[in-house]
Amino acid sequence: LVHLLLPEAPFGTMAELCVVDTARCVVLPDGLDAVAAAALAIPAMSSWAALRERARLVEGETVLVNGATGASGRVAVQIARHLGAARVIGTGRNEAVLAELSALGMDDAIRLGDDRDALSAAFEQAFGRGVDIVLDYLWGPSAEGLIAAAAKAGPVGRPIRFVQIGSIGGATIPMPAAPLRSSPLQLMGSGLGSVPLPRLVDAIDGALRAAASEGFRVPARPVDLSEVGSQWSMDGTRTVFTM
């Protein structure tokens with residue numbers, strides 16, 4: 001069995017057969033079933049590539065996952081710990097999922113609520129203790145608050161690497177100049193374009209191999225392909241279509 005990435009038109013993966021370059025295929029490791037691999041591959045690739053290719057995580061650093069309660073964020077918490085993070089902080093609105101993540105390697109949780117002053121204080125406290133890398137799956141107001149908190153933390157040695165991955169919290173934010181002048185903040189993106197395709201394929205391979213050995217988990221449910229029109233999941237559970 002293989003996981004394949006980005007077949008070229010007119011070929012697609014919602015078909016019984018698909019033509020794809022073998023360089024875009026990853027052989028599934030022993031111990032990882034096809035449904036788990038399909039659910040994990042893209043979420044795991046996003047954080048694996050962000051941490052290894054973009055942020056260059058060093059063992060012992062602190063990683064903050066903004067949007068830890070979504071599928072990608074849940075996996076990011078587990079991968080950050082696997083790759084050597086000494087401390088992992090997660091943000092999110094779903095208190096139940098935040099509680100679950102403590103068993104998957106998350107040390108501290110910050111609940112994203114409507115009280116902006118309280119949230120700013122929580123962010124500033126986190127950066128005051130030291131944050132090396134932010135994996136941002138949300139953008140929007142929470143990212144704005146994190147950037148402001150990083151600026152207030154001031155120079156603390158190694159640059160704070162802020163890696164932008166997703167934007168379900170908003171497509172744009174106000175970007176004042178002061179935080180970029182007054183803090184060791186490095187803004188970067190991670191995804192197709194900022195990471196070469198062969199390295200993304202390698203990221204999937206590494207992440208799936210680690211998943212087989214470490215037991216990374218993300219909620220997933222198999223659904224017959226005939227139900228594709230009505231069964232997209234919007235609750236953080238990965239929907240895997242099968243034949």
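Just after helix α2, G84 takes a positive phi of about 115°. Please note that this is a predicted model, in which local features need pLDDT of at least 70, side-chain atom pairs count only at pLDDT 80 or more, and totals for chains, interfaces and linings use all residues. Residues are numbered from 1 along each chain as its sequence is written, and side-chain values use heavy atoms, with hydrogens and water left out.

Helices (DSSP runs of H or I, at least four residues) and strands (runs of E, at least two) are numbered from the N terminus. Helix α2 covers residues 71-82.

Is helix α2 enclosed or open? Because 9 of its 12 residues are buried, α2 is largely enclosed by the rest of the structure. Buried means under 20% relative accessible area, exposed over 50%, and partly exposed in between, with a 1.4 Å probe and protein chains only. Among the buried residues of α2 are R74, V75 and Q78.

I turn now to the backbone elsewhere. Most residues other than glycine have a negative phi, and most peptide bonds are trans. L6, although not a glycine, has a positive phi of about 55°. L6 is in the loop between β1 and β2 and, at 40% relative accessibility, counts as partly exposed. P10 lies in the loop between β1 (2-4) and β2 (25-27), and the peptide bond from A9 to P10 is cis, with omega near 15°.

Key:
The expected span of a helix is 1.5 Å times one less than its number of residues.
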